[in-house]
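Visitor: I have a structure open and would like to talk through it. Can we take it a piece at a time?

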Amino acid sequence: MTPYFRILAICLALTLALSTSLQAKQPTRPPDVWVQCEADELAGEIVPAEAGALPLDDAPIQAEAGTVESSPARSVLEGNVRLSRGGQRLQADKITLDRPANQAVIEGPYTYGDSSQALRGKKSATVDLNAQSGQFEEVDYYLPGRNAQGSADVVRVDRGKRRTRLGDATYSTCARGKEHWELRAHQLTLNDATGRGEARDIVLALWDTPVFYFPYLSFPLTDERQSGFLFPTVGYSNTFGFNVAVPYYWNIAPERDLTLTPRWMTQRGFALGADYRFLSPKDQGQVRLEYLPYDQHYGGDRGSFNVTHRATPLPDTYTNLRYEYVSDQTYIQNLSNNLRFLTPNYLDRYFDVRYQGDWWQALARVQGYQILNSGLFSRTGRPYQRLPQLLFDGTWPPTAGGFNYRLHGELVNFQQDNAVTGTRIDLWPTVGWSLEQPWGYFKPEAGFRYTGYQLANTAPNIGDALSRSAPILSLDGGLVFERPLQADWLGVAAGAQTLEPRLFYLYVPYREQNAIPVFDSALMDRDHDWLFRRNRFIGADRLGDANQLTAALTTRIIDGPSGRERLRASIGQIQYFADRRVTLATDALADTTASSGLIAQGELSLSSHWALQGGVQLEPDNGDVLRNTLDLRYYAGPRQLVNFAYLMDRDQPGLDVNDQIHSVDVSLMWPLSSQWRFMSRWNQALNVSRNLETLAGLEYEDCCWAVRAVARRYRGSTTQAQSQTAFYLELELKGLSRLGEGLDALLQGSILGYQPMSRY
């Protein structure tokens with residue numbers, strides 16, 4: 001390589017090293033996050049990436065200059081100097097090479113750009129070709145992928161040591177000259193050899209006012225996590241007062257980390273939380289715990305524990321562990337659901353081992369519970385522990401003659417204090433035949449179900465060994481009629497409408513089952529699919545007798561060009577040819593109604609934004625409404641949506657009005673302007689005149705920052721007499737972090753379709 005082209009290569013390489021070092025090592029954010037941002041002054045220097053371009057090392061160097069002078073002492077390129085190599089562009093007024101010292105001087109102003117960053121030097125840059133180092137003065141930079149910009153008074157690059165030092169550097173995602181927030185560092189060292197950066201005397205300024213000072217900060221230059229304090233969270237609730245938490249993150253190893261969170265609550269006291277996570281190719285898990293040495297309001301120590309673990313120890317073998325514990329029944333309600341328990345009524349504890357074969361799967365499980373809401377189980381009974389449970393399900397592929405075979409098997413040991421306990425085995429083999437054509441289908445099926453028990457702690461007149469067996473016969477058939485649809489209805493320019501009648505006959509002879517205990521059975525929830533179930537009970541303790549015929553009709557409207565289903569409506573009813581004598585309770589009367597009552601449901605896609613679905617169930621005797629549901633949704637995006645849901649369900653046999661469901665739920669997220677949006681939710685239990693949740697809040701979003709304020713009044717359930725009040729305030733500095741109480745999980749749980757304004 002000639003000395004002339006060597007100058008160009010070194011200048012380009014050092015400038016690229018400088019621009020790469022200045023990049024903030026954070027994941028690229030979605031482009032729509034920055035839609036409100038004006039273009040940076042250096043945006044025009046970005047070079048669009050070209051598909052199929054040569055690798056950088058293979059690309060030729062091209063140079064343009066007004067004049068070129070060369071002598072044994074020095075070489076000078078002057079007058080709109082332009083250097084390019086692949087997707088790199090360097091422009092300067094003048095480049096001078098001191099041949100004896102082997103140094104190059106780039107005289108400013110100069111600019112550099114490629115597809116991911118742009119630089120602007122206001123003064124000069126000196127490049128030592130021997131040491132492959134350089135010094136750049138008064139540098140501005142722009143990173144389009146992160147919408148970040150900043151400057152540095154001086155930058156020293158040592159390409160040989162892979163190290164860059166910056167003096168008086170800044171970083172912000174706000175518009176240049178309008179920095180609502182900005183990070184300022186007196187000294188910044190970026191060491192690519194170790195993958196670490198060090199900053200000293202760091203100041204976070206909001207609206208040009210310093211608000212945080214950090215004497216020292218060490219951080220990774222890649223996506224590698226780094227130990228250190230995270231931004232604190234602040235919130236208020238009437239159950240714990242003002243809440244301040246300052247988490248510390250410990251990056252133990254690339255596959256393990258621990259977050260320790262000291263937490264102070266003005267009405268409760270001090271608490272310490274810990275969140276340990278681990279990940280490997282074969283397993284992953286998380287352990288969360290929190291401990292209060294003394295709760296001022298409760299009058300004692302309190303704590304909680306939550307562990308989850310999933311693993312693949314062997315091929316096609318999976319394990320799943322979940323264990324939850326709290327010190328008392330009101331812990332979750334009093335201290336907010338910080339550890340993400342599944343339900344405030346009971347805590348689940350189980351360990352599963354599952355094997356997935358080609359046509360079958362097996363599961364081994366142990367399962368128990370911690371009951372937090374005893375009143376919920378006062379009538380239905382506490383759930384039994386399964387110690388253990390073994391399940392097998394096999395579905396073999398159809399034979400050449402169209403026959404198919406299935407087998408369901410279960411062996412489970414039920415345990416509970418002061419109750420009937422025992423072991424249950426349940427076997428259910430079936431054989432079926434299937435005829436499927438475009439015009440319809442016919443599927444007869446025959447099965448035999450055997451359930452046997454070995455019991456303990458039974459009543460004196462009940463034996464220890466019980467069993468039940470019965471055949472299960474069904475016939476399922478349907479037709480499909482289709483006609484072209486040309487009318488422009490529901491936005492369908494051309495498509496089809498179907499009419500699909502279906503008949504389903506089920507026969508199960510009556511078997512006396514009153515002596516069999518109810519370990520895990522319950523009445524199945526009624527919906528359109530319930531019309532075609534082979535057992536009206538969940539679980540194996542009850543097998544419903546049946547001599548019945550279901551008649552149903554479904555119609556669909558399908559958009560021709562897209563194949564999208566615009567309308568689906570179904571209606572059906574069961575006609576009973578015999579009374580249903582099998583019940584859950586021994587003293588319950590047989591069901592003597594002649595039909596199930598009509599069950600109808602439908603889904604309507606009004607447009608790409610509007611959707612409507614609902615259902616109605618009628619009483620079998622008088623035609624009164626037994627259940628009514630309606631869901632109306634408008635979704636134009638995560639920042640503009642409306643949800644309306646209504647549910648009335650009187651199908652709660654044996655329960656009083658407080659346990660039945662009659663509720664309305666309205667939520668919305670609506671823009672007030674390009675920067676403001678309003679959010680709210682109202683969830684009311686009409687049957688007990690209790691508000692379950694009222695939420696209202698505002699969000700403001702600018703180019704580089706956003707703020708959210710939310711007020712919430714809520715109850716954990718309809719039985720909770722006293723409501724709780726909470727206030728949340730969150731400030732987000734886009735591209736940096738958030739200050740305040742994390743609201744994403746709360747809003748996503750309250751408002752269907754909500755997504756955060758911006759993502760990291």
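Guide: What follows goes from the whole chain to single residues and pairs.

Guide: Keep in mind that this is a predicted model.

Visitor: Okay. How many helices and strands does the protein have?

Guide: The count is three helices and 46 strands.

Visitor: And what share of the residues count as buried?

Guide: The protein has 760 residues, and 42% of them count as buried. The accessible surface comes to about 37,700 Å², with 56% of that belonging to carbon and sulfur atoms.

Visitor: What about contacts across the sequence, what share joins residues at least 24 apart?

Guide: Taking contacts between residues at least 6 apart in sequence, 49% join residues at least 24 apart.

Visitor: Let's do strands. How do strand 20 and strand 21 run, and how many bridges join them?

Guide: Strand 20 covers residues 283-295 and strand 21 covers residues 300-311; they run antiparallel, joined by eleven bridges. In that pairing, Gln 284 stands opposite Arg 310 of strand 21.

Visitor: What happens in the hairpin between those two?

Guide: There are four residues between strand 20 and strand 21, and in this hairpin Gly 299 has a positive phi near 90 degrees.

Visitor: Which way does strand 21 pair with strand 22?

Guide: That pairing is antiparallel too, with eight bridges, and strand 22 spans residues 317-326. Thr 308 has Arg 322 in strand 22 as its bridge partner. The hairpin of strand 21 and strand 22 has five residues between the strands, and Asp 316 takes a positive phi near 65 degrees there.

Visitor: Which other residues have a positive phi without being a glycine?

Guide: Glu 138 is one of them, with a positive phi of about 50 degrees. Ser 689 is another, also at about 50 degrees.

Visitor: Where do Glu 138 and Ser 689 lie?

Guide: Glu 138 is in strand 8, residues 133-143. Ser 689 is in the loop between strand 42 (676-685) and strand 43 (690-701).

Visitor: Why does Ser 689 count as exposed?

Guide: Because its relative accessibility is 60%, and exposed means over 50%. Glu 138 has 29% relative accessibility, so it counts as partly exposed.

Visitor: New topic. Which residues make the nonpolar surface patch?

Guide: The patch has an area of about 920 Å², and its residues are Phe 229, Val 234, Val 244, Val 246, Tyr 248, Trp 250, Leu 260, Trp 264, Phe 270 and Leu 272. Strand 17 (248-253), strand 18 (256-265) and strand 19 (269-279) are the elements that give two or more residues to this patch.

Visitor: And Phe 229, where is that?

Guide: Phe 229 lies in strand 14, residues 228-229. At 63% relative accessibility, Phe 229 counts as exposed.

Visitor: Now the charged pairs. How many salt bridges are in the whole structure?

Guide: A search finds 40 salt bridges. One of them joins Glu 255 and Arg 256, whose closest N and O atoms are 3.1 Å apart. Glu 255 is partly exposed at 35% relative accessibility, and Arg 256 is partly exposed at 30%.

Visitor: What does Asp 352 pair with?

Guide: Asp 352 forms a salt bridge with Arg 365, at 2.9 Å from N to O. This pair links distant parts of the chain, with Asp 352 in strand 23 (residues 346-356) and Arg 365 in strand 24 (residues 360-371), 13 residues apart.

Visitor: Are those two buried or exposed?

Guide: Asp 352 and Arg 365 are both buried.

Visitor: What about Glu 699, which residue is its partner?

Guide: Glu 699 forms a salt bridge with Arg 677, and their closest N and O atoms are 2.5 Å apart. Glu 699 lies in strand 43 and Arg 677 in strand 42, so the pair ties together parts that are 22 residues apart in sequence. Both Glu 699 and Arg 677 are buried.

Visitor: Last one. Where is Ser 596, and what does its side chain lie 2.9 Å from?

Guide: Ser 596 is in the loop between strand 36 (565-576) and strand 37 (599-605). A polar atom of the Ser 596 side chain lies 2.9 Å from the backbone nitrogen of Ile 574. Ser 596 counts as buried because its relative accessibility is 4%.

Conventions:
Residues numbered from 1 in each chain as written. Predicted model: local features only at pLDDT ≥ 70, side-chain atom pairs only at ≥ 80, totals over all residues. Heavy atoms only, no water. Buried < 20%, exposed > 50% of the residue type's maximum accessible area, 1.4 Å probe, protein only. Polar contact = N/O pair within 3.5 Å; in protein donor to acceptor, adjacent residues only side chain to side chain. Pairing = 2+ DSSP bridges. Contact = heavy atoms within 4.5 Å. Areas by Shrake-Rupley, 256 points an atom, 1.4 Å probe, with all protein chains shown as cover. Patch = residues over 30% accessible without salt bridge, like charges linked within 9 Å, V, L, I, M, F, W, Y side chains within 5 Å. Salt bridge = Lys/Arg side-chain N within 4 Å of Asp/Glu carboxyl O.
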